Amino acid sequence: METALEDRPGLPEALRALLARHPRPGWEAHPHFTALTRFWLDRHLMFRRLQAELAAEAAALIDRAADPTASGRRIARLGGRYLNELEGHHHVEDAHYFPLLRALDPRLGAGFDLLDADHHALHEGIVTLADRANATLRGLAAAPADLAPAGALHTALARFGRLLDRHLTDEEELIVPVILEHPGAGLG
C-alpha cells in the first residue's frame, strides 16, 4: 500500500487495529475522551475552516466577486494565521505528543513515522502557499486586474487542502484511539 501523503487513500490496514476497537462515532462518549482531546480535534476543525475560507476568498477574487483591496487584507490575515498555526501545531505534535504516544503503543511506530513524513510534506506545501499568497498580494498591489496570481493561489490551496484533510483524518484515526486505550498517560 502506498503511504506517501499524496497517494494515500487512508491509513494502512495494519495501523487501523485500535480504530476498529474505538470507531470515530463513539469517541466523544468514551470515558477516556478528555478536554485536551476535544481541544486538539477542534484545532483540526479550525484548520479545515481556515482552509475553506482562504479557498473561498481566492475564488471570489478570481470571479471578481470581491473587492481586491479588502480581499487582499483577508488573504493576508487568514493566510498568516493558517500557516503560522499549522507550523506551530505540527511542532508541538512532533516534539511532545508523538513521542509520548509512540511510547504508549510501540506497535504503531510506523504510524508516527507516517505522520512525521506528512508534516515534512505539508511544510513544503505551507512554503508554496506562502509564496502564492505573497505573489497574490503583490499582484493586487501592482495590477489588481491581473488575477493570474490569485488563480495560482487557488490551485495551490485546493491541492494543499486535499493533503491536509488526508493527514488530519489519518492523524485523528491513529491518535484518538491510542488516547482512549491509555488513560492518564500525561495527555490530558
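At 2% relative accessibility, F160 counts as buried (under 20% relative accessible area, with exposed meaning over 50% and partly exposed in between, for a 1.4 Å probe and protein chains only). The model is predicted, so local features need pLDDT of at least 70 and side-chain atom pairs count only at pLDDT 80 or more, whereas totals for chains, interfaces and linings use all residues. Residues are numbered from 1 along each chain as its sequence is written, and side-chain values use heavy atoms, with hydrogens and water left out.

Searching the whole structure gives 2 aromatic pairs (rings of Phe, Tyr and Trp, the last by its six-membered ring, with centres within 6.5 Å; planes under 30 degrees apart are stacked, over 60 edge-to-face and the rest tilted). The pair of Y82 and F160 is edge-to-face, because the ring centres are 6.1 Å apart and the planes stand at 90 degrees. Y82 belongs to helix α3 (residues 68-104) and F160 to helix α5 (residues 148-181), so this contact ties together parts 78 residues apart in sequence. Helices here are DSSP runs (H or I, at least four residues), numbered from the N terminus. Y82 is buried too, at a relative accessible area of 0%.

The rings of F98 and F112 form a tilted pair, with centres 5.6 Å apart and planes at 55 degrees. This pair links distant parts of the chain, F98 in helix α3 and F112 in helix α4 (residues 109-142), 14 residues apart. Both F98 and F112 are buried.

Helix α3 itself deserves a look: a kink of about 45 degrees is centred on E93 (the angle between axes fitted to the seven residues ending there and the seven starting there).

Terms used. Helices (H or I, at least four residues) and strands (E, at least two) are DSSP runs, numbered from the N terminus.
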